[in-house]
Amino acid sequence: MKVTKIVLGCRRTGTVYGEMSEDYCLYLFRTPVVFNLGGNEKICAAGSAIMYTGSKRQYFRPQDGRTMKYDIVHFRPSTADKQYAASMNIPFDVPVDLADDFVIASLIKSMKVRSGINGRRNSEFMELSMRMILICIGDMCSTEPTPQPSRDVPMYDRFKELREEIYDDPMRAWSVDELCAELDISRTYFHRIYLSAFGVTFLQDVIESRLVYAEELLSETELSVSAVAEQCGYDSDSYFMRQFKQHRGCTPTEYRRKAASEAAHLADEGEQ
């Protein structure tokens, strides 16, 4: 399964008319969305997904005119991949309501991070990640009920909204004290709930949201490293560069160079 492109944090206010292409597309929506399915419309809540085949025209729009937010993975499945999906009764060109989109969203973010690194096993990493995504979707399409322990976490829905806000607004100077006052809970209880709900700390998510946005700016714009640091909410360029190196294993400049090289390589393959 060859992954050709990953785009995080797309925002649209109008209808999307996708063109048919060689690529399949996995969309993960973080806001309510209305799909057009053969002339009929279906409304799905936030946390839905759809995998469009290359021969299917994509057509969807935000609900009630609000801004639509979603991530996309472009991929090209082999015959074996299609058979694997079919064996799990995974539907294509049909939206799926996800009970919890956290694992899939995390896998897509990890794939985006990996795509900027020229590793020897990149293809294997992408293949396994897509397989895990298929497994998650397949489980949620199953008619058998599955336990959802995260739903037992106090205030889970509000904390899930908060986590989405963190990734939507990485530049914001997040304050635990302000959030605790808003939720009327103590700092200790706040951190305990957050870790129980998502398996990571609040600070880890704040850092990750900024680094994911930094990767996007480094690979898709010509902003200086200093400007990227500012856009991602860092007051210090040197602190941004240290944190990027610590969590991504390379400097921002090295990441930009690798991302440009990878993009050129994919462009060359597309022309062949």
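A: Happy to. Let us begin with burial: buried means under 20% relative accessible area, exposed over 50%, and partly exposed in between, with a 1.4 Å probe and protein chains only. This is a predicted model, in which local features need pLDDT of at least 70, side-chain atom pairs count only at pLDDT 80 or more, and totals for chains, interfaces and linings use all residues. Residues are numbered from 1 along each chain as its sequence is written, and side-chain values use heavy atoms, leaving out hydrogens and water.

Q: Is Ser129 buried, partly exposed or exposed?

A: Ser129 has a relative accessibility of 3%, so it counts as buried. It is found in helix α3; helices here are DSSP runs of H or I with at least four residues, strands are runs of E with at least two, and both are numbered from the N terminus. Contact means heavy atoms within 4.5 Å. Setting aside residues up to four places away in sequence, Ser129 touches Leu107 and Met111.

Q: How are α2 and α3 arranged relative to each other?

A: Start with the axes, which are lines fitted to C-alpha atoms, for helices over the stretch in contact; angles run from 0 to 180 degrees between N-to-C directions. Under 35 degrees counts as roughly parallel, over 145 as roughly antiparallel, 65 to 115 as roughly perpendicular, and the rest as oblique. The axes of α2 (residues 102-115) and α3 (residues 122-141) come within 10 Å and cross at roughly 170°. The two helices are therefore roughly antiparallel. Residues that meet include Leu107, Ile108 and Met111 from α2 and Phe125, Ser129 and Ile133 from α3. By class, this contact has twelve nonpolar, four polar and one charged residues. Ala, Val, Leu, Ile, Met, Phe, Trp, Tyr, Cys and Pro count as nonpolar, Asp, Glu, Lys and Arg as charged, and the others, Gly among them, as polar.

Q: Where do the buried residues of α4 lie around its axis?

A: An α-helix has 3.6 residues a turn, so residues three or four places apart point the same way. In α4, the buried residues are Tyr156, Phe159, Lys160, Leu162, Arg163, Ile166 and Tyr167. Viewed down the axis, they fall within an arc of 160°, so they line one face of the helix. The arc is that of the directions from the helix axis to the C-beta atoms. Among the elements covering these residues are α2, α5 (176-183), α6 (187-198) and α7 (202-220).

Q: Which residues of α5 are buried, and which are exposed on its other side?

A: Val176, Leu179, Cys180 and Leu183 are the buried ones. They cover an arc of only 100° around the axis, which puts them on the same side of α5. On the other side, Glu178, Ala181 and Glu182 are exposed. The buried residues of α5 pack against α4, α6 and α7.

Q: At what angle do α5 and α6 pack?

A: The angle is about 90°, with the axes 9 Å apart. That makes α5 roughly perpendicular to α6. The contact involves Val176, Asp177, Leu179, Cys180 and Leu183 of α5 together with Arg187, Phe190 and His191 of α6. Its residues comprise five nonpolar, one polar and two charged. Just after α5, Asp184 takes a positive phi of about 60°.

Q: What does Phe92 touch?

A: Phe92 lies in the loop between α1 (79-87) and β9 (96-97). Apart from neighbours within four places in sequence, Phe92 is in contact with Tyr24, Met51, Thr53 and Ala85. Its relative accessible area is 24%, so Phe92 is partly exposed.
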